Amino acid sequence: MKEQKTSVFKKITGNRNFGLLVGFVVLLIVAAIITPSMYSMNSIMNMLRNNAVYALLAVGSMMVIITGGIDLSVASTLSLAGVICSSLMSSNMEVPTFVWVLLGLGIGIVCGAFNGFLVGYLKMVPIIATLGTMYIFRGFAFLASGGKWWFPHQFTEGYANFAGGRFLGIYNILWIVIIVFILAGIFLGYTAPGRRIYAIGTNKESAQVAGIKEAKVTFLAFVISGALAGLSGMLYTANYSICYYGMGESYEMTAIAICILGGVSITGGKGKIDGVIIGFLMMSVITYFISLLPGLSVWQDAIQGAIIIVAVAINIFTERAVEKRVLKERGALI
Amino acid sequence: MSDYILELKDVVKTFGGVTALNGVHFQLKKGEIHALMGENGAGKSTFIKVITGVHQPDSGVMLLEDEKITLRSTADSAKLGIAAIYQHVTAFPDLSVTENIFMGQEIKNKIGLYDWKTMTKRAKELIEPLSQEIDVNKPMGTLSVAQQQLVEIAKALSRDARILIMDEPTASLTRTECEQLYQIAERLRDEGVSIIFITHKFEDMYRLASRVTVFRDSQYIGSWDVDKISNQKLIAEMVGRELSQMYPEKTAKIGEVVLEVNNISKEGYFKNISFNVRRGEILALTGLVGAGRTEVCQTIYGIMNPDSGSIKLKGKEVKIGSPVDALAHGIGLLPEDRQIQGLVNELPIYQNVSSAVMKKFTKNGIILQQEEEEKNAIELCQKIQLKAKDISAPPSSLSGGNQQKVVFAKLLSCDLKVLILDEPTKGIDVGAKYSIYEIMNELAASGYAIIMVSSEMPEVLGMADRIVVMKSGRVTGEFESEGTTQEMILEASLKHKEEREDN
Amino acid sequence: MSGETKVPVRDLAVKEKFKLSKFLVKWEMILIYILVLINIVLIVAKPGLYFTNGTIQSIIQSGMDLSPLVLGMIFILMLGDIDVSVASTMIVASMATGLSMDAGLPMFLCVVLGLIAGAACGAFNGYLVAYIKMPAVIVTISTSMLFRGIVKIIMDVNVLKNFPSFYTQLAWTNIAGIPVSLIIFLLISVVFMLILHRSTFGRKLYIIGNNPTVATYSGINVEKTKMIVFILMGFMAGVASIFFVGRMGGGVSSTMGTGYELDAIAICVLGGVSTNGGKGKVYGPVIGTLIMAFLIYTLGLMNVDANSRKILTGFILIIAVLIPNVNKQLVAAIKLKLFYANNKNIEAVNIKAAEEIKNYRDMITAAKKDAKMSESDKAAKVKKYEEKIVSVKAKCKEQTAVLKSELKEDARKAKQRFSN
């Protein structure tokens with residue numbers, strides 16, 4: 001039993017997420033010293049609310065990245081779903097809100113299915129396929145909107161409340177994020193399709209031998225990514241009560257950054273939901289912190305770009321260190 | 001009712017235009033260990049994949065206990081109790097041992113979610129009788145090859161396999177590990193499992209099998225009772241010719257030492273390796289797969305850099321940091337896997353031939369002259385009797401032996417003194433092998449110093465002047481080929497760790 | 001078995017000669033047909049405008065700011081990598097020139113500084129991809145944010161307006177009716193063609209793109225080559241900034257030029273450069289650049305706005321990637337799946353029957369042409385062959401049906417067996 005205790009301790013400290021957590025805490029402390037106003041319950045809630053959409057996109061991107069792919073079209077899907085939901089809603093105010101939620105999801109699923117078909121069944125390179133659809137979906141969003149904007153007075157109260165209302169003191173949109181995190185955790189950890197996503201990301205050849213249909217699983221991952229993007233499109237418009245076709249531009253980068261920060265391996269097969277949660281919290285603090293400091297908001301893009309590079313570099317170097325350790329262990333046998 | 005549990009008749013499988021199985025037959029008795037032998041590329045691996053439902057045969061019949069079956073996927077074969085342990089362990093390195101064992105037949109709880117607790121418990125129960133050292137929670141990638149193989153066996157057992165296929169399970173195991181595996185296989189046989197044991201080693205066959213089937217060049221050659229066929233005849237059936245005519249006469253005169261390797265080590269791969277090779281000499285570097293031979297060659301060629309030790313060329317110490325340096329010093333490597341390391345299938349033959357010394361065919365060091373390239377390639381390829389449509393055909397249109405000749409031509413375009421040939425006849429049909437051997441002898445005669453890595457014992461004895469044997473990253477023996485027997489080499493390549501500790 | 005030793009010397013010289021029929025269906029030729037077709041559409045739709053002085057020139061000029069990016073991207077894709085940071089790099093280069101002009105440096109130096117800034121961005125990408133071995137996708141996605149982010153930090157919402165005067169001239173003037181930008185584009189293209197198709201460096205790109213491991217084993221310094229290509233890409237983004245600033249009328253802000261990376265990649269792919277690396281020529285993308293310019297102009301005339309045009313670019317990219325996958329093997333595979341129930345025996349029966357039928361058809365045409373035979377003989381022969389064709393067809397159908405029913409039976413049994 002004693003042995004197990006030490007191994008548990010080792011497991012915690014050896015875990016990549018532990019390092020991430022330490023980094024997160026340090027970040028919190030630094031942020032607190034520079035901007036003490038950051039830590040009121042209210043501001044934390046607002047911080048999370050403003051970043052909630054990233055969390056949903058990140059969970060979707062995570063699925064695709066674990067299969068070894070990448071989805072650049074999520075932000076455009078968000079915009080397309082948001083625009084269609086808002087435009088229909090503003091002229092059909094009597095329709096209950098859940099219909100718009102389903103519509104958002106549905107649009108996302110269609111977009112995701114298109115990506116999944118190109119990548120899974122037609123074997124297109126994910127980056128090229130989703131780079132193409134990123135522009136296609138955004139273009140459709142423009143067509144659907146006709147270049148129009150929607151402003152708060154055009155949104156029904158029920159619609160806006162779906163994101164901005166509170167339940168037990170917490171914004172609804174955060175409840176949704178929590179539910180998505182839990183569902184994603186169960187899906188990835190405890191269901192056959194979820195584990196298949198890891199399997200094809202780890203070793204495609206083994207997956208074939210094990211009778212796993214690669215095309216099907218890839219398709220599924222893109223559909224989930226699309227569905228979450230569609231949902232976040234609806235939530236985005238509800239959250240801010242604003243909508244235009246250019247919204248959420250470059251959000252896909254933030255989603256990918258969160259995944260990479262959270263330890264999702266860009267070559268596929270590795271990554272856990274708890275890492276992504278921590279990555280999301282870190283990204284939230286960073287963006288919030290930047291927005292609090294005057295004059296720093298123009299730094300946002302550059303900082304985010306730098307974060308991805310550094311995070312990937314860290315992932316690569318830790319992986320190399322592990323490889324070296326394995327070789328060393330093997331060397332002891334020679 | 002016959003006493004065969006599994007029968008295959010006239011199975012044909014093609015991939016694109018390549019025939020991998022050409023009307024093969026196979027009969028497996030209940031509760032026997034049946035050895036399946038044949039050279040690389042004989043179609044054994046494809047055959048297993050057909051039995052396990054990974055590939056669907058183009059035509060042919062498969063009978064399980066006299067009943068015709070059609071397998072649509074591995075799930076189907078698993079349901080019938082057919083399980084396979086593949087040669088290149090087909091695991092998921094990032095996933096845990098438990099998950100690898102239960103992949104495809106996970107234990108679920110009432111609401112359909114994975115029951116990890118039960119699975120971990122079951123996995124422990126399955127692994128424990130096989131090995132006490134495997135932690136089922138660890139990722140598969142952290143285990144040794146032998147351990148991974150045990151996990152694969154546990155996986156097969158978890159499926160209540162009636163038919164178990166083992167594809168070269170002993171290829172990279174130590175002798176103790178082999179013995180362990182033999183015992184497990186025997187125990188399974190006694191419990192009524194029928195085993196197809198694919199192997200290159202006669203030792204495996206004699207120790208375990210009661211019958212043996214031989215494939216050659218994607219075709220069925222025959223089946224025999226192990227105790228009723230002589231070793232000589234079996235080899236002849238496998239290679240398709242008598243051993244005596246396998247190797248051409250040697251004509252090279254052996255001269256001074258060209259390359260000297262002193263005590264080079266690379267952590268995790270090999271330790272304190274020393275040997276030398278002379279002008280006109282063929283030095284064989286042999287041992288089991290995974291003994292570190294390829295890595296030693298790659299180090300000499302600069303793909304990897306040694307942690308310590310030195311390499312001398314004609315008495316002068318040289319530093320080789322990359323293949324660029326190696327080629328500049330006159331050291332060339334014919335890599336082990338010509339598809340991945342040797343040939344660009346999309347480019348014409350002549351461009352492949354000139355790819356290692358493009359400068360030679362330029363006007364001013366920059367602009368390539370196609371006529372020069374073609375002329376050189378034609379000249380070399382005619383010399384080594386390449387069979388191709390013309391010199392601009394892509395290598396993918398050639399047979400394995402002719403592809404290897406293109407890689408040879410590529411090396412010969414360079415100005416080399418030392419040739420390292422890593423498994424030069426791997427996956428090449430028998431006729432072409434002979435001409436590769438001829439080329440090697442000619443090269444030795446024209447003054448090259450040749451290092452040949454080979455796992456095939458007869459080839460080593462037939463071609464080499466001297467033999468260096470490696471085992472687990474160390475040199476365990478060095479022999480003049482005169483008077484050396486297969487047994488002596490085998491003994492050196494299986495030497496135990498304890499014995500080596502003494503020196 | 002050793003019969004191979006005595007073969008006579010084989011003639012390995014290249015025998016295939018130039019064939020017009022093959023040349024005419026080459027991808028590059030098809031691109032030219034497309035270009036001609038677009039022009040015809042334009043002429044028919046707006047004959048007055050098309051023949052107005054300066055229309056063609058301005059169409060071509062509108063596409064030329066992209067052209068240096070396209071040329072650089074060919075090499076990047078050739079390696080099997082990708083660079084989505086080129087638009088940001090272009091803006092960095094523009095900013096470097098603009099700021100140094102503001103600082104009052106000599107014009108020549110300002111231009112050079114812009115080019116150097118571009119090359120430096122490329123070097124940063126190249127170092128991370130080649131030496132740290134990060135995936136090019138991720139590196140350039142993040143540097144596209146990083147580079148543009150840096151421009152935002154430095155410029156905020158300001159617009160740089162002070163640029164060398166020849167920038168606008170380059171973008172908008174013609175020599176003897178030919179746009180200067182086109183002349184420069186074609187000149188640089190020739191250099192790129194020489195490098196890619198004739199030089200050792202180009203050959204290295206083909207080898208690395210097809211198989212980087214072979215490249216290493218062949219003594220090619222893969223890291224260095226990649227580094228050079230990325231630096232070249234950055235430099236070309238610097239060159240692109242010259243035309244870009246000129247076309248924008250000499251003003252640059254931090255948000256300009258988004259989407260140029262997609263256009264550049266789409267043009268390369270349209271031009272037959274594979275995103276998997278190692279495949280393609282410079283000619284295709286050169287024609288592709290012109291096609292894109294004409295296409296966008298045509299859409300503009302049809303009142304299709306910029307955002308909707310992006311839909312088209314996206315589809316062009318996807319379709320252009322998919323086209324090369326449509327080949328004989330794929331067609332055969334689809335046929336096998338749809339008509340032959342995934343069974344090679346059925347396929348073989350049908351192929352054999354088709355061959356026999358073709359044989360008889362040939363014999364019929366031969367008989368019809370045969371002048372020596374009398375009309376009645378001809379008719380008899382033709383009839384005989386036609387009967388044979390019918391019988392072959394029937395036999396084939398019958399065999400297929402038998403095989404299919406067997407297959408069905410097997411499938412049914414399998415289903416029964418495995419359904420529990």
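In which helix of chain C is the place of Ile32(C)? Select Ile32(C), and it will be found in helix H2 of chain C; helices (H or I, at least four residues) and strands (E, at least two) are DSSP runs, numbered from the N terminus.

The model is predicted: local features need pLDDT of at least 70, side-chain atom pairs count only at pLDDT 80 or more, and totals for chains, interfaces and linings use all residues. Residues are numbered from 1 along each chain as its sequence is written, chains are lettered from A and ligands numbered from 1 in the order in which they are written, and side-chain values use heavy atoms, with hydrogens and water left out.

**First stop: chain C**

Ile32(C) is partly exposed because its relative accessibility is 34%; buried means under 20% relative accessible area, exposed over 50%, and partly exposed in between (1.4 Å probe, protein chains only). Next, select the nonpolar surface patch, whose members include Phe18(C), Ile32(C), Tyr33(C) and Val44(C). The residues of the patch have about 940 Å² of accessible area together, by the Shrake-Rupley method with a 1.4 Å probe, in which only the protein chains shown count as cover for residues. Patches are made of residues with over 30% relative accessible area and no salt bridge; like charges are joined within 9 Å, and nonpolar side chains (Val, Leu, Ile, Met, Phe, Trp, Tyr) within 5 Å. Helix H1 (20-24) and helix H2 (27-45) of chain C each give two or more residues to the patch. H2(C) gives the most, with five residues.

**Second stop: chain A**

Select Phe222(A) in helix H11 (residues 214-240) of chain A. This residue counts as buried because its relative accessible area is 0%. Beyond neighbours within four places in sequence, Phe222(A) has contacts (heavy atoms within 4.5 Å) that include Val64(A), Ile70(A), Asn115(A) and Pro126(A).

Now display the open sheet of six strands in chain B, with the order E6-E7-E8-E3-E9-E10 and mixed pairing. Two strands pair if DSSP finds at least two bridges between them. At the edges are strand E6 (82-85) and strand E10 (219-225) of chain B, each of which pairs on one side only. Strand E3 (residues 33-37) and strand E9 (residues 211-216) of chain B run parallel and are joined by four bridges. Within this pair, Met37(B) stands opposite Val214(B) in E9(B). Helix H1 (residues 44-51) of chain B packs on the sheet, and its direction makes about 155 degrees with that of E7(B). Axes are lines fitted to C-alpha atoms, for helices over the stretch in contact, and angles run from 0 to 180 degrees between N-to-C directions. Helix H5 (residues 145-158) of chain B lies across E6 and E7 of chain B, at about 175 degrees to E6(B).

**Last stop: salt bridges in chain B**

A salt bridge is a side-chain nitrogen of Lys or Arg within 4 Å of a carboxyl oxygen of Asp or Glu. Select Arg207(B) and Glu179(B), whose side chains meet in a salt bridge (2.6 Å, N to O). Arg207(B) lies in helix H7 (residues 202-208) and Glu179(B) in helix H6 (residues 175-190) of chain B, 28 residues apart. Then select Glu478(B) and Arg466(B), which form a salt bridge with the closest N and O atoms 2.7 Å apart.
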